[in-house]
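I am opening a notebook on this structure. The entries below record what I looked up.

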Amino acid sequence: MTAQTPADSLLTQAMRKHLDGDLVSAEAIYKAMLQNDPDDARAHHYLGFLLQQSARFDEAQTHLSRAIALDDSHAEWHFNLGIVTSKLGQLDACITAFSKALSIDPGKYFYWTNLGAAYELNQESERAEHSYLAAINLDPVCPDAFYLLSALCLKLERYTDARHFNYRGILASPENSTSMIVRGQAYHELGRTADAVTLLENWQLAETDNPVAAHLLAAYRDQLIPEQCSTAYIEQTFDAFANNFDATLKKLKYCGPVLVRDHLATLDLPAFSLDILDLGCGTGLIGAELRPCSRTLTGVDLSLAMLEQSAAKQHYHRLHQASIADFLRSSNEQYDLITCMDTFIYLGSLEEVCALIFQRLRNAGCLLFSTEKLEVTQEQGFRLNVSGRYSHTQDYLTRVLLCAGFQIQHMHDVTIRNEAGCPIQGQFICASRRD
């Protein structure tokens, strides 16, 4: 056995302090080694790495560069220099360092993902994509590169690719890191519908009274499609969602409130002049836009937790916990305006509810609502999607509204929100009652 040199002994001591988190002592020993031998490449590298960890990036770059000048055979040293130059915004130097690390050791997954991120920052999208794909080829069960590639595709507005890689990332993630709803959707979108059905069937067996599993199974099996979401499904889903609802919709860039605000701005309404009913009012996001022109403002929602959030904002004069149809059937009130934003997506068949809304409107009163758009021909005119929401064809909406007695003022396509960063196409409709 070869005896340790004094430099080896000091390096061992410094690295032990370093690993224990005693960075002050480790730094002192590394510097003492360099006083003894200014050309000790190992001391330069590990001191540079310590300084990198301490966010002292200029000093770190000096020592890491010196280490590599003395010995450029270590992939890890080049990689650490790449991290430091990235932090300093030196993208060309960063890319050179990561590329050198990979030329020495091309089998490191995270070398490729970091190189891809550097290329992306340097506006070199094609090379970034190549790097992420190289990482995926090395480790197809690690989710990081899938998510990075999905985000890159989003920036490039390649939405189909973005969804594809996002779903692959979901399935590469540990099972307990994502909900069964999300995993089921990923299976389905990647052509593994049988796996999605099995997942939901096992969920239903484990939780026999869970309405979410039953509802989603109907969508995945594409048979015996219910005409609307069950009361239990709505209540459970939105009671669980209530506390984070507003923040989540902000992240999803939900545009319902803006659509209503912009429409009302075209009408030049006197303040506090309308009796308004907000169906599916949720936490009151639409109510905030309706309040300035409302003489009375009534909100209706099935979820008690959502109504509690709404009540705290004090937009509404009255709030009712009820289904839309039940409330409309039991009410004798008349309204000048009824809104139903992002709510018909939980109803498939709209004939009854549109007829009931028509009865509750005064002459010249208006209905404002949004849907998710169904582009393909569907005999029913609507489809239950694996998201658990319904989408509707334009022809179906037109037919239902006209049969109920409405005149359609406008119906135009909008991006109603994003999902996994990708736009969800919808429709915004204004229909009026004319006796």
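Entry one, strands. I looked up V300 and found that H320 in β3 stands opposite V300. The model I am reading is predicted. I then noted how the strands run: β2, residues 294-301, pairs with β3, residues 318-321, in the parallel sense over 4 bridges. Between them I traced helix α18, residues 304-313, and I recorded β2, α18 and β3 as a right-handed β-α-β unit.

Entry two, the loop. I found Q314 in the loop between α18 and β3. Is Q314 buried or exposed? I put Q314 down as exposed, because its relative accessibility is 62% and the cut-off for exposed is over 50%. I also checked Q314 against I286: the two are 28 residues apart along the chain, and their C-alpha atoms are separated by 12 Å.

How many disulfides does the structure hold? I counted 0. For C94, the nearest cysteine sulfur is that of C142, 19 Å away. C94 has 1% relative accessibility, so I list C94 as buried. For C340, the nearest cysteine sulfur belongs to C354 and is 8.3 Å away. A disulfide needs the two sulfur atoms within 2.5 Å, so I list C340 as being in none. C340 is also buried, at 0% relative accessibility.

Entry four, a pocket. I looked up the second largest pocket and noted about 150 Å³ of space in it. Its lining residues include L374, E375, Y396 and R399. By class, I wrote down 3 nonpolar, 5 polar and 4 charged residues for this lining.

Conventions. Residues numbered from 1 in each chain as written. Predicted model: local features only at pLDDT ≥ 70, side-chain atom pairs only at ≥ 80, totals over all residues. Heavy atoms only, no water. 1 Å grid on protein atoms, 1.4 Å probe; cavity = no way out; pocket = protein on both sides within 12 Å on 5 of 7 lines; lining within 4 Å. Points joined across faces, edges and corners; volume = space filled by probe spheres on them. Nonpolar A, V, L, I, M, F, W, Y, C, P; charged D, E, K, R; others polar. Pairing = 2+ DSSP bridges. Right-handed = clockwise from strand over helix to strand, strands pointing away. Buried < 20%, exposed > 50% of the residue type's maximum accessible area, 1.4 Å probe, protein only.
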